Amino acid sequence: MFQDTASVLFGVEGLQVTDADEGADGTVEVWAVTDYPAAAACPGCGTVSSRVHETVVTRPRDVRRAGDIVDLRWVKVRRKCENRQCPRKTFTEWAPPLPPRCRITARLREQAAHEVTGRGITPAEAARHAGISWPTAHEAFAAAADPVLDQDPAPVAHLGIDEHRRGRARFAVDAQTGEYALLADRWHTCFFDLDGQQGLLGQVQGRTADDAAYWLAGATPAWRDAVRVVCIDMCSIYASAVRRMLPHAILTVDLFHVVQLAVKTVGDVRRRVVRARYGRRGRSGDPEYGIKGLLVRNLEHLCPDQFAKVIDTLDGDRYGQEIAAAWIAKEKLRDVLKLRARVTGSVPCERQVRDRLFAFYDWCARHDDIPELITLARTISRWENEITAAVLTGITNATSESLNRLAKLEARLAYGFRNPLNQRRRVRIACTRGYCRKSRIATARQTHLVTGPQPDPG
Ligand SMILES: [Zn+2]
């Protein structure tokens, strides 16, 4: 079939461009007629008709051209069906990208959907740009997203579990007691592929052990068997869910949260000591206040002057020595984590890890007059096996945390979600976007190599 240059450039299958003109407000007016043989056949009986009933002009919405709005004027013919028995008296022409009663071209829908899935803008923004309504843009996005989301996740070896809050917690004042009562506090539990290409695997509402176990129970037994390591935050709820549903998997805790707990303990001791010493909270000018930033840093990152400042401040009296004991406990705990293969370059053996943990416990026991240290040691000993496994395997929940950040960003872009299904859809697409884009670029390059012009060897 011959097509003129203008029609090829316009690129809507089944439409032939007859005229194009620049409108007053920067729009481009494109006039087109139908150039699709099947459009002359009656959709009711299939009889090809040549009898014209009337001519109508429709203005379906189309994609922009170089940023300008395209005002498409499609001159359509309404034909009379030539089959007398056909209940359908008349019918209008159609083209594959513009089926009957469709007022938006297929490529405009696809573009709006792709902008949401690929570029990460909101359906509202995509709708504004395309000049269509929010429901249309959202429907296009859902049509593109749902097939991806309906697929069962491929087997993963390292699974991450994390939670994030859905919206804000809501409170109400109890009329009888005058106290605040929690009305709603909604959470999502998310499952992540820690070392593969799948990003967010799934999401369930709630954050109880049953909620997490429910999602794991929905997976096939083969998928569950393939999970070798599960990484969680120091959260006993998820630990119990994993032990119930994945009894064979090694459970590890994220080491960032272990260090965070130790740093918090140092801060707690410092605040209590300062209050005991001065009878008020710390403020700028107090020697302890001056080193609070140095105490949270890693020991190896302190320069000699800073180290001397910490020692001078804490060496003076028993108050300072209490803070120093907590600080040393933190560093002893970090010594355990420094055995990771990422730091040392070789995989440690379990004995080494347990030895260093013992040194930490020993230190805490020798300072059992500091209640915070006892609490810290108790928590660490409760999670000892999981911490040891994390040091030995070197698996962290960093991927989960970074994808959780994306999930929160998505909620902010949407100014919060009313519909949990939409939230799950948007979050899952956002969390797999980077991986989808990477694989798409890879395929595009391959195609180019096969079909593109071959380089001249001479
Ligand atoms: Zn007919």
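**Notebook: buried residues, a zinc site and salt bridges**

I began with Asp71, which is buried at a relative accessible area of 14%. I note that the model is a predicted one. Asp71 is found in strand β4, which covers residues 70-80. I then looked up the polar contacts of its side chain. The side chain of Asp71 meets that of Arg59 in a polar contact of 3.1 Å, and that of Arg73 in a polar contact of 2.8 Å.

**Entry on Glu93**

I turned to Glu93, which I located in the loop between β5 (90-92) and α2 (106-118). Is Glu93 buried or exposed? Its relative accessibility is 6%, so I recorded Glu93 as buried. I found a polar contact of 2.5 Å between the side chains of Glu93 and Thr34. A polar contact of 2.8 Å joins the side chain of Glu93 to that of Arg79.

**Entry on the zinc ion**

Which residues coordinate the zinc ion? I listed Cys42, Cys45, Cys81 and Cys86, each through its SG atom, at 2.3 to 2.4 Å. I wrote down the spacing of these donor residues in sequence as C-x2-C-x35-C-x4-C. The angles among the four donor atoms run from 99 to 114°, and the site of the zinc ion is tetrahedral. For reference, I noted that the ideal angle for four tetrahedral donors is 109.5 degrees. I also looked up the accessibility of two of the donors. Cys42 has 3% relative accessibility and counts as buried, whereas Cys45 has 34% and counts as partly exposed.

**Entry on a nonpolar patch**

On the surface I found a nonpolar patch formed by Phe171, Val173, Tyr180 and Leu182. Together these residues have about 490 Å² of accessible area. Strands β6 (158-173) and β7 (180-193) each supply at least two residues of the patch. I checked Val173 in particular, which is found in strand β6. Val173 counts as exposed because its relative accessibility of 52% is over the 50% cut-off.

**Entry on salt bridges**

How many salt bridges does the structure hold? I recorded 29 salt bridges. I noted as background that side chains of opposite charge can pair when their charged atoms come close.

Asp268 is partly exposed at a relative accessible area of 24%, and Arg271 is partly exposed at 46%.

Next I looked up Arg277, which forms a salt bridge with Glu288, the closest N and O atoms being 2.4 Å apart. Arg277 lies in helix α8 and Glu288 in helix α9 (residues 287-290), so this pair ties together parts that are 11 residues apart in sequence. Arg277 counts as partly exposed at 33% relative accessibility, whereas Glu288 is buried at a relative accessible area of 2%.

I also found a salt bridge between Arg280 and Asp286, with the closest N and O atoms 3.1 Å apart. Arg280 counts as partly exposed at 22% relative accessibility, whereas Asp286 is buried at a relative accessible area of 8%.

I then recorded a network of salt bridges that links Glu300, Lys330, Glu331, Arg334, Asp335 and Lys338.

**Entry on Arg351**

Arg351 is exposed, with a relative accessible area of 56%. I noted that Arg351 and Thr388 are 37 residues apart in sequence and 9.7 Å apart in space, C-alpha to C-alpha.

Note on methods
Residues numbered from 1 in each chain as written. Predicted model: local features only at pLDDT ≥ 70, side-chain atom pairs only at ≥ 80, totals over all residues. Heavy atoms only, no water. Donors = N, O, S within 2.8 Å, 3.2 Å for Na, K, Ca; no water. Tetrahedral: all angles 85-135°; square planar, octahedral: opposite > 155°, others 65-115°. Buried < 20%, exposed > 50% of the residue type's maximum accessible area, 1.4 Å probe, protein only. Patch = residues over 30% accessible without salt bridge, like charges linked within 9 Å, V, L, I, M, F, W, Y side chains within 5 Å. Areas by Shrake-Rupley, 256 points an atom, 1.4 Å probe, with all protein chains shown as cover. Salt bridge = Lys/Arg side-chain N within 4 Å of Asp/Glu carboxyl O. Helix = DSSP H or I, 4+ residues; strand = E, 2+ residues; numbered from the N terminus. Polar contact = N/O pair within 3.5 Å; in protein donor to acceptor, adjacent residues only side chain to side chain.
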